[in-house]
Amino acid sequence: MAFYRPARYQKPLVIVLLLALLVLPPALDAWGQAFYIGFATRVLIFALAASSLNLVLGFGGMFSLGHAAFFGAGAYVAAICMDNGISDALLALPLAMTVAGLLALVVGAISLRTRGVYFIMITLAFAQMTYYLFVSARVLGGDDGLPLAGRMTLGGLSLSSDGALFYSALGCLALVMTFLGRLAGARFGRTIQAIRDNEARMEALGYPVFRYRLVCFVLGGALAGLAGALLANLTGLASPNLLQWTQSGTLLVMVIIGGVGYLYGGVIGALVLLCLEEVLAGFTLHWHIGLGLLLIAIVLFAPRGVAALFGKSDG
Amino acid sequence: MAEALLEVRGLSRRFAAVDALKEVDFSVDAGEVHALIGPNGAGKTTFIHHVSGALQPDSGSVHFAGRDVTRLSMHQRVAAGMARSYQITNVFLGLSVLDNVALAVQGRPDAGGSFRFWQPVSSEQWLFDEARTYLDQVGLSARVETVAGNLAHGEQRALELAMALATKPQLLLLDEPMAGTGQEESGRMVELIDHLARHVTILLVEHDMDAVFRLADRISVLVDGRLIATGDPEAVRADPEVRRAYLGDDL
Amino acid sequence: MPLRLTALAAALMLAGSVHAADRIKVGFVSTLSGPGAGLGVDIRDGFNLAIKQLDGKLGGLPAEVIVADDQQSPDVAKQAVDKFLKKDKVDFMTGIVFSNIMLAVGPTVFENQTFYISANAGPSQYAGEQCNPFFFNVAWQNDNLHEAVGKVVQDKGYKNVVIVTPNYPGGKDAVSGFKRYYAPKEAPSGGKGKVAEEIYTKLGQLDYAAELAQIRSIKPDALFFFLPGGMGINFVKQFVAAGLSRDTQLFAPGFSADEDVIKAVGAPMMGMFNSSHWAHDMDNAENRRFVADFQKEYGRMPSLYASQGYDAAFMMDAGVRGVKGKVEDKAALKKALEAKNFKSVRGDFKFNSNHYPVQNYYLRVIGKDSSGRITNRLMGTIFTNHADAYVAQCKMK
Amino acid sequence: MTQLVLEQALNGLQFGLMLFLLAAGLTLVFGIMDCINLAHGSLYMVGAYFVAAAAQAADSFWIGLGAGVAGAAVLGLVLELSLFRQLYRRDHLSQVLATFGLILIANEAVRMIWGAQPLLLNPPEALSGPVEIGNFFYPAYRLVIIAFGLGVAGLLYLVVARSRVGMWVRAGAANREMTEALGVNVQGLFTAVFVFGAALCALAGGLLGPLLAVQIGMGESVLILAFVVIIIGGIGSIRGALVGSLIVGTVDTLGRALLPTLLRAALPADAAATLGPALASILIYLLMAAILFFRPQGLFPARA
């Protein structure tokens with residue numbers, strides 16, 4: 001695969017979209033559809049989470065099925081912060097990222113010693129371990145999770161209205177996407193993409209491959225933690241469900257639907273999947289069958305791998 | 001005589017019940033072109049893997065530029081000044097020729113590391129300028145923007161060499177650089193290696209005996225995991241044990 | 001510009017609430033899948049039966065019941081409740097089985113000033129300090145049935161008791177309720193027995209091999225367990241299969257010894273004592289009609305959960321009737337609900353100041369009825385007009 | 001205390017052997033076909049539903065078990081021929097995506113056919129009580145499960161270690177290309193292994209049905225445990241799967257049963273109550289991490 005390069009129309013498109021999102025909450029309010037502000041915030045947060053997985057999977061080539069662990073850990077840190085009086089997002093969110101990043105450091109340091117099917121299964125197993133650890137710890141609320149007494153503040157500004165949280169999530173997503181966009185073209189981004197394509201050659205060029213992979217894995221984990229902390233603010237609960245491996249699967253499906261290794265793949269995937277869920281779940285309780293068939297169809301009719309659907313070829 | 005740049009002492013490695021390498025003592029002096037030859041399956045590639053750090057020996061040691069590198073990983077040895085090319089072409093097929101070499105420049109210890117997350121590489125002109133000089137050396141300056149996957153086979157081999165050079169090695173490990181090249185291409189490759197040999201020490205593994213005898217200052221012969229002879233080309237050519245091992249072969 | 005839009009939105013929302021009273025929307029969120037599904041399904045069926053008997057109306061207005069499955073997960077429940085409140089703008093909510101889920105969604109519901117009529121979950125928090133004008137419980141406070149069992153175990157003279165319960169708020173309420181009436185020190189009646197071990201399992205656990213081995217090594221004379229739904233079914237089956245029923249008498253609150261469990265376990269349940277505020281053989285007109293219609297409609301015996309769902313619908317009906325359909329007048333609706341103008345299938349009861357019932361609790365035993373069917377039989381009254389232990393902490397007027 | 005430990009060890013053995021039934025099929029599919037199959041847990045679930053439905057229809061547990069296992073084998077055959085055959089050559093991303101899709105379909109299909117409530121399966125009447133071993137009682141049905149597990153393990157040992165088919169299977173796990181080059185009908189071998197794995201899944205699901213509950217989602221948590229078993233044992237190795245299963249089964253059961261008690265002896269009651277359950281529930285994962293650290297290929301790697 002080649003290095004990621006943004007399409008020419010991407011920048012104006014993103015700016016137009018950003019402007020549209022800026023007026024979305026008052027517009028929804030005016031339509032009497034305020035409920036959908038929460039839904040839109042959810043999409044933004046999952047876009048962030050899926051993008052963090054895309055960094056690890058699409059750019060770093062690490063097939064992790066345990067990303068939900070970091071996502072969920074971020075949510076728990078947010079809840080614990082609120083419990084202990086740290087309600088400023090400027091402090092709590094970086095804290096959530098740090099803890100999720102540290103967790104990723106431990107998981108990555110062990111898992112990245114392995115390859116292929118082993119790596120997939122081990123990340124999965126570690127995520128499950130995190131799940132059990134959180135569920136069985138009574139101080140963390142066990143099966144019930146940790147409720148948040150309220151929402152965070154942003155430097156004195158309350159995020160308790162749905163609109164305020166929406167703009168915070170939008171801000172976070174915009175910052176992260178800008179960062180990821182820069183990263184893709186910077187030394188680090190080129191390094192991890194090259195490692196994805198040919199690990200042995202990079203080693204032979206003198207790159208300490210393990211270290212770059214680990215940093216990429218940790219970065220992805222920290223960003224997932226950020227998304228988790230935001231989600232806990234939206235739902236008011238740090239739930240063990242966020243840690244479950246099916247959540248990792250959902251994030252994975254988002255990235256793949258949106259485009260692996262394409263900067264906005266996670267964002268598009270989150271938007272498509274959550275909207276599909278919202279619309280289809282209204283028609284039939286059994287919409288999962290349709291989704292499952294869609295996934296299998298994608299695999300069967302994209303013989304050169306899923307990424308090929310999006311105009312890329314495996315080198 | 002100058003001190004050996006690379007010195008291998010008593011290197012042994014078993015796979016299952018087979019001795020892949022047995023008590024190999026071997027050295028490359030600074031400035032020379034040292035060729036390693038031997039029949040198929042003699043253990044040449046295994047040997048290169050141990051020198052480059054892709055594999056770890058059961059016993060024995062590898063010394064490079066006066067320091068024991070036996071336990072160092074591959075990338076650490078590259079950083080210490082050892083570069084290799086692969087028997088089967090191993091470049092980034094999806095990237096442009098220039099990007100391939102720029103990656104190699106960027107990976108060098110003196111390039112400042114790759115933990116840079118913000119500044120675009122496209123603004124670091126010097127990486128590409130330097131990459132171009134290596135491409136000049138291997139004769140690929142006309143193809144810098146071509147995607148590596150679209151190069152001819154011989155050009156890809158040359159690109160490999162440029163990438164190896166870009167790591168500024170003291171020692172270049174070339175694993176069958178002529179493999180799969182046509183008559184004309186291999187002629188050009190021999191010239192190229194001959195040219196490079198003025199700047200860098202080379203350990204050459206090769207089947208093409210014409211090339212070996214044209215390029216090598218010294219030749220070592222590996223048979224069944226054992227080093228049976230080392231010496232200048234004429235001595236090796238005359239060595240009875242070598243003749244026996246190669247009976248029916250090109251020699 | 002945003003300011004003007006917000007004002008517009010507020011006006012629209014006002015307009016929305018004015019014409020809400022042409023029908024009554026009920027948001028029914030309950031556990032309808034997984035090991036706890038039996039409970040939710042019974043509540044739903046009981047609720048729907050009542051709506052059907054009321055000709056699809058609540059207080060004379062057409063009723064619209066929107067059902068959601070919480071999958072026994074707090075965050076799924078929260079999403080569903082959010083939708084009910086913000087999108088569907090329901091007038092009442094009900095259905096939640098498990099206290100942990102109730103506690104997770106309660107704040108949102110109350111903040112939105114929507115009345116929640118609990119047909120099951122009765123956490124101690126909402127009976128005491130966190131009691132709320134918008135929360136009514138038409139079933140019981142969590143501790144009550146356990147208190148009744150504690151009293152029975154105490155009275156029957158058991159001395160060495162093991163408690164098994166899941167590790168969640170309802171489970172902890174069960175232990176404190178049981179020990180309020182069975183324990184040497186805290187017990188008002190001052191018993192001599194002891195609690196040899198409190199075993200906490202995972203919520204939703206189905207294999208009890210490890211716990212049963214532990215119980216075997218303790219050799220208690222009585223075992224009190226509170227394991228809702230499929231958990232209890234498996235526990236009793238495995239308890240009997242392990243041969244523990246020879247030395248240890250089983251006690252449970254009515255939840256773990258009702259028709260759903262009896263149907264699944266069968267003969268091993270015989271002789272088990274349990275407590276309940278309702279029994280299918282209670283003799284009053286409302287109950288006879290409920291039990292007969294339920295069997296006709298669904299082809300199975302109703303459980304106490306079904307009776308609670310049934311009562312919840314009649315309570316809403318009475319409330320809406322009391323305010324003549326003007327459900328947006330919250331103060332009046334609260335008063336009408338507190339008045340409890342309906343006849344419960346469990347006989348008479350009234351609401352305490354914390355909106356929890358003051359009612360009788362009965363002892364039941366499982367045996368064969370005249371037709372040879374294994375079922376519960378009413379044995380006697382354990383408590384009369386029993387209130388919960390937390391009402392004093394409730395500051396609500 | 002010894003009696004308690006003995007009983008818990010039996011429980012661990014029972015749990016471990018059931019894990020083995022799941023892990024055996026999975027490790028071969030991973031090892032020989034280099035295919036990651038997340039839907040293995042769904043086969044376990046669907047198999048259990050087949051057994052429960054057949055047992056209800058026939059009013060006999062044993063007939064139900066036989067019919068359910070046969071049904072799952074047929075389902076496995078259909079899946080192999082229609083889907084998995086296409087997946088073997090694909091990258092892991094495709095395999096994970098497709099089998100994740102299968103999980104979604106299986107869960108929803110089961111919900112449509114059998115409803116969201118768990119099905120209850122009763123053991124045969126004769127086995128519903130306890131038997132006396134030495135001086136304590138143990139559930140007869142759990143003993144039967146242990147017997148089944150040991151039987152299957154023995155049978156697999158005979159087939160894999162002694163028969164020609166077993167030799168192909170082992171060769172396939174060690175080096176697929178070589179086996180193909182030697183003229184073994186690898187396509188047919190794959191199909192057979194996959195179908196066999198599906199049947200073992202249903203057997204485990206059916207046997208555990210009366211102890212647990214036949215319900216949606218039952219396959220997902222057990223799938224991860226099977227993964228842990230395979231990681232510990234080494235991909236592609238039946239022996240590794242057996243050893244891994246027994247390790248996981250025993251460590252998990254004994255950890256849950258004894259760790260809280262042990263901690264209570266060593267730590268203050270408060271700390272023990274917090275730490276005990278948490279530590280017990282992640283014990284096998286810590287074990288896995290430790291084994292991986294020293295042997296990244298597992299205890300019995302099939303590939304050199």
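Tutor: Domain bounds here are those of an automatic or database domain assignment. The model is predicted, and in it chain C is divided into domain 1 (2-140 + 283-348) and domain 2 (143-276 + 361-392). The C-alpha centres of these two domains of chain C lie 29 Å apart.

Student: What makes domain 1 and domain 2 of chain C count as being in contact?

Tutor: Residues are in contact if their C-beta atoms, placed from the backbone, lie within 7 Å. By that criterion the contact takes 19 residues from domain 1 of chain C and 21 residues from domain 2 of chain C. On the domain 1 side, helix H2 (37-53), helix H4 (99-111) and helix H5 (124-127) of chain C each supply at least two residues. That side divides into 10 nonpolar, 7 polar and 2 charged residues.

Student: Which domains does the assignment give for chain B, and how many of their residues are in contact?

Tutor: The assignment gives domain 1 (1-81 + 169-251) and domain 2 (91-168) of chain B, with C-alpha centres 26 Å apart. In chain B, 11 residues of domain 1 are in contact with 10 residues of domain 2. Helix H2 (74-80) and helix H6 (183-196) of chain B are the elements that give two or more residues to the domain 1 side. H6(B) contributes the largest share of that side, 4 residues. By class, the domain 1 side has 7 nonpolar, 2 polar and 2 charged residues.

Student: How do you know that strand E1 and strand E2 of chain B pair?

Tutor: Pairing requires at least two bridges between the strands.

Student: What is the sense of the pairing between strand E1 and strand E3 of chain C?

Tutor: Strand E1 (residues 24-30) and strand E3 (residues 61-69) of chain C pair in the parallel sense over 7 bridges; with at least two needed, they therefore count as paired. C:Gly27, for example, has C:Ile66 in E3(C) as its bridge partner.

Student: Which strands are the edge strands of the sheet in chain C, and what is the order of its strands?

Tutor: The sheet is open and has 6 strands in the order E2-E3-E1-E4-E5-E6 (chain C), with mixed pairing. Strand E2 (57-58) and strand E6 (135-137) of chain C are the edge strands, since each pairs on one side only.

Student: Which residues of H6(A) and H9(D) meet?

Tutor: In H6(A), A:Tyr118, A:Met121, A:Ile122, A:Leu124, A:Ala125 and A:Gln128 meet D:Ile224, D:Phe227, D:Val228, D:Ile230 and D:Ile231 in H9(D). By class, this contact has 10 nonpolar, 1 polar and no charged residues.

Student: How many residues of chain A and chain D are in contact, and which element gives the largest share of the chain A side?

Tutor: Chain A brings 41 residues into contact with 39 residues of chain D. H6, helix H11 (245-258) and helix H13 (287-300) of chain A give two or more residues each to the chain A side. The largest share, 14 residues, comes from H6(A). The chain A side divides into 29 nonpolar, 10 polar and 2 charged residues. Among the 5 pairs of chains that touch, chains A and D have the most contacts.

Student: How many residues of chain C are in contact with chain D, and which helix gives the most to the chain C side?

Tutor: In this pair, 23 residues of chain C are in contact with 24 residues of chain D. H2, helix H8 (209-218) and helix H9 (230-241) of chain C each supply at least two residues, and H8(C) gives the most, with 6 residues. The chain C side divides into 12 nonpolar, 9 polar and 2 charged residues.

Student: How do you know that chain B and chain C do not touch?

Tutor: Their nearest C-alpha atoms are 36 Å apart, whereas a contact needs C-beta atoms within 7 Å.

Methods: Residues numbered from 1 in each chain as written. Chains lettered and ligands numbered in written order. Predicted model: local features only at pLDDT ≥ 70, side-chain atom pairs only at ≥ 80, totals over all residues. Contact = placed C-beta atoms within 7 Å. Nonpolar A, V, L, I, M, F, W, Y, C, P; charged D, E, K, R; others polar.
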